[in-house]
Amino acid sequence: MTDDVEPIEVLLVEDDAGDELMTRAAFEDNKIRNSLYVVRDGEEALDFLYRRGAHIGAVRPDLILLDLNLPKYDGRQVLERIKGDPELATIPVVVLTTSSAEEDIVRSYKLHANAYVTKPVDLGQFIRAVRQIDDFFVSVVRLPGR
């Protein structure tokens, strides 16, 4: 990322501590200056997005990285809520999950996911994937309200 690119606010919805650590490592290794906020389940994701409970005053994310397999509300339910709400629908959502099942891919796109990325198991590949997501959403596309 070049210095003239404005950092963005990224919400990671991830219940797996190892995947969270790999995402943080990807941000740090690649000198990604974006702010990374982490919530651990679907209910907490909605609390963050609606700024309620422990997340009163939370920032509006510019990008959401969403795991599908979450406790409380799964990622599909969270995605449906985000894209069904006119206030949240413009936030790009990248499904970042271990599932490569065709039904999950199709359903995610039907629910208006902006991209679907299967998490690589290898740390180096995972870091490259996160970097590519970052490069695309920070350097290539225009985000709403920026």
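These legends describe several close-up views of one predicted model.

Residues are numbered from 1 along each chain as its sequence is written. In this predicted model, local features need pLDDT of at least 70 and side-chain atom pairs count only at pLDDT 80 or more, while totals for chains, interfaces and linings use all residues; side-chain values use heavy atoms, with hydrogens and water left out.

**View 1. Asp41 sits in a loop between a strand and a helix.**
The loop runs between strand S2 (35-39) and helix H2 (42-49). Helices (H or I, at least four residues) and strands (E, at least two) are DSSP runs, numbered from the N terminus. Asp41 has 11% relative accessibility, so Asp41 counts as buried. Buried means under 20% relative accessible area, exposed over 50%, and partly exposed in between (1.4 Å probe, protein chains only). A polar atom of the Asp41 side chain lies 3.0 Å from the backbone nitrogen of Glu43. The Asp41 side chain also reaches the backbone nitrogen of Glu44, at 2.6 Å. Leaving aside neighbours within four places in sequence, Asp41 is in contact with Val13, Leu70, Pro71 and Lys72. Contact means heavy atoms within 4.5 Å.

**View 2. Helix H5 covers residues 123-140.**
H5 has 18 residues. From its first C-alpha to its last, H5 reaches 25 Å, close to the 26 Å expected at 1.5 Å a residue. The expected span is 1.5 Å times one less than the number of residues. Which residues of H5 are buried? They are Phe126, Ile127, Ala129, Val130, Arg131, Ile133, Asp134, Phe137 and Val138. An α-helix has 3.6 residues a turn, so residues three or four places apart point the same way. At the start of H5, a side-chain oxygen of Asp122 comes to within 3.1 Å of the backbone nitrogen of Gly124.

**View 3. The largest nonpolar core has 22 residues.**
A nonpolar core is a set of buried Ala, Val, Leu, Ile, Met, Phe, Trp, Tyr and Cys residues joined through side-chain atoms within 4.5 Å. Leu11, Val13, Leu49, Ile64, Leu66, Leu79 and Ile82 have the most contacts inside this core. Strand S1 (9-13), H2, strand S3 (63-66), helix H3 (75-84) and strand S4 (93-97) each give two or more residues to this core. H2 gives the largest share, four residues. Leu79 touches Leu66, Val93, Val95, Ser108, Leu111 and Ala113, not counting residues up to four places away in sequence. A second, separate core has 21 residues, including Phe27, Leu36, Val38 and Val138.

**View 4. Glu14 and Lys119 meet in a salt bridge.**
A salt bridge is a side-chain nitrogen of Lys or Arg within 4 Å of a carboxyl oxygen of Asp or Glu. The structure holds twelve salt bridges. In this one, the N to O distance is 2.5 Å. Glu14 lies in the loop between S1 and helix H1 (17-29), and Lys119 in the loop between strand S5 (115-118) and H5, so the pair ties together parts that are 105 residues apart in sequence. Buried or exposed: which describes Glu14 and Lys119? Both are buried. A network of salt bridges links Glu14, Asp19, Asp67 and Lys119.

Glu20 is buried, at 7% relative accessible area. Arg24 is partly exposed, at 30% relative accessibility. Arg76 is buried at 11%, whereas Asp74 is partly exposed at 22%.

**View 5. The count of aromatic pairs comes to two.**
Rings of Phe, Tyr and Trp (its six-membered ring) pair if their centres lie within 6.5 Å; planes under 30 degrees apart count as stacked, over 60 as edge-to-face and the rest as tilted. The ring centres of Tyr37 and Phe48 are 5.7 Å apart and the planes are at 45 degrees, so this pair is tilted. Tyr37 is in strand S2 and Phe48 in helix H2, eleven residues apart. Tyr37 is partly exposed at 27%; Phe48 is buried at 5%. Phe136 and Phe137 form an edge-to-face pair, with 5.1 Å centre to centre and 90 degrees between the planes. Phe136 is partly exposed at 40%, while Phe137 is buried at 8%.

Key
Polar contact = N/O pair within 3.5 Å; in protein donor to acceptor, adjacent residues only side chain to side chain.
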